[in-house]
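Visitor: Please take a close look at a single part of this model. I would like one connected account.

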Amino acid sequence: MAGIDPGTFANPAGSDADNHAYAAVIARARALVPDLRDRAARTEELRRLPPETEEEFHEAGLFRILQPKRVGGSEFDYVALVDCAEAIAMADASAAWTLANLASHHWMLGMFDSRAQDAVWTKDANALIASSFVFPSGRARKVEGGYRLQGHWPFSSGVDCCAWNMLAGIVLSDDEADGIEYRIFLIPREDYRIIDMWNAAGLKGTGSNDVAVDDVFVEGWMTLSVEDIAGGPSPGSAVNANPLYALPVFALFPFVLSGVALGNAQGCLEDYIEVARHRATTYSRAMLGDLQSTQIKIAEASAKIDAARLLMRSVCIRAMSDARRGLVPDMVVKTGWRRDGAYAVTLCTEAVSLLFASSGARGLFAGAPLQRQFRDANAINSHIAFNFDAAGTDYGRVALGLPSQNLTL
């Protein structure tokens, strides 16, 4: 399998270099690729993770890569999200998207008040947590001891296999002078309804259904203000001292999922190369691999993918390095990270589109991996975190001395 040099995983930018735990978890992820690839069509048909895929992710420890060690997690560096998602997306972007989403929520829970962490992990350290961070979809009002929450949220990926959900909302105040607050609410499965509506052209197997909350009370310590996770010690830092839990969540948000685009593109490239080695053109019978145009397409696509990987990993590694030194990034750095995440995924999308356009009619058949990789690449790129116009505009504003328009940063 191509991609990043496996030697990198023996000495990641973080902990566990001595016992090679990081290399081992990446190896376990890569070992799942053949079965996940064979199962990809079924995953799309189910519109969610098959039970056996979920179980394999649990057994490999993939959901818990960023979970605190004190509750049995691996507590790897943030770059683990990119690396693990890349490995799984080589087989199936939907499976990788679900994995990366749910794994990142163990990391975020580590930033909540310790009572919220205990509420989930004391009962079941393997419990999965879904999310929807579409803040305008939820409305909350502060009451004695907590908040009353209601709303209807889209895109709660992997929600069907989860026991909890992190739902974003806007806290309204009776006094308009107090303004509004962005806050995240952690609620159990019995407090929200899943609305089965995920029928999409790409990422079909992510089960990104809607969820709705009619009107529930949420304890104050089961919530987290966006201001508390903008960089520096979080409420959870009292029990989780690793700088991992002091990273700025929404500044790094693109890298929760960018590895999915990376692995999908790398898988597409490797499939293209394998076909070009052995296939002759339909009409001239010339070998595809002998054509200069094929060779150029391989070079261009691989350059885009390698550049994207370098950009994704370097941001994650720098963020961890800064956090270890107690540095909180300023707005130029934060918007730069959002810019880089969007640009890196754009490169991956361009690579897949280039290969798809060069594959002729072969890529059109429903059973071909290429058509799924093309659909998934464009579905990934449609996420707002990867919209380069939005990310680029915000970076440009800040670079020019204007305020950021991203209220989560």
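Guide: Start with helix α7, residues 114–121, in this predicted model. Four of its residues are buried: A116, Q117, V120 and W121. Viewed down the axis of α7, these buried residues fall within an arc of 115°, so they line one face of the helix. The general rule is simple. An α-helix has 3.6 residues a turn, so residues three or four places apart point the same way.

What covers that face? The cover over the buried residues of α7 includes helix α6 (93–109). Strands β1 (129–132), β4 (164–172) and β5 (181–188) are also among the covering elements.

Now the start of α7. There, a side-chain oxygen of D113 comes to within 2.8 Å of the backbone nitrogen of R115.

Two other places are worth a look. One is Q373, in helix α11 (residues 369–381). Q373 has a relative accessible area of 3%. The cut-off for buried is under 20%, so Q373 counts as buried. Leaving aside residues up to four places away in sequence, Q373 touches R37, N264, G267, C268, D271 and V352.

The other is a helix pair. Helix α10 (residues 331–357) packs against helix α12 (residues 388–399) at an angle of about 155°, and their axes are 8 Å apart. An angle over 145 degrees counts as roughly antiparallel, so α10 is roughly antiparallel to α12. From α10, the contact residues include M331, T335, R339 and T346. From α12, they are F388, A391, D394, Y395 and V398. The crossing of α10 past α12 is left-handed.

How values were computed: Residues are numbered from 1 along each chain as its sequence is written. This is a predicted model: local features need pLDDT of at least 70, side-chain atom pairs count only at pLDDT 80 or more; totals for chains, interfaces and linings use all residues. Side-chain values use heavy atoms; hydrogens and water are left out. Buried means under 20% relative accessible area, exposed over 50%, partly exposed in between (1.4 Å probe, protein chains only). Helices (H or I, at least four residues) and strands (E, at least two) are DSSP runs, numbered from the N terminus. The arc is that of the directions from the helix axis to the C-beta atoms. Contact means heavy atoms within 4.5 Å. A polar contact is a pair of N or O atoms within 3.5 Å; within protein, one must be able to donate a hydrogen and the other to accept it, and residues adjacent in sequence count only if both atoms are side-chain atoms. Axes are lines fitted to C-alpha atoms, for helices over the stretch in contact, and angles run from 0 to 180 degrees between N-to-C directions. Angles under 35 degrees count as roughly parallel, over 145 as roughly antiparallel, 65 to 115 as roughly perpendicular and the rest as oblique. A crossing is left-handed if the near helix is turned anticlockwise from the far one by less than a right angle, and right-handed if clockwise.
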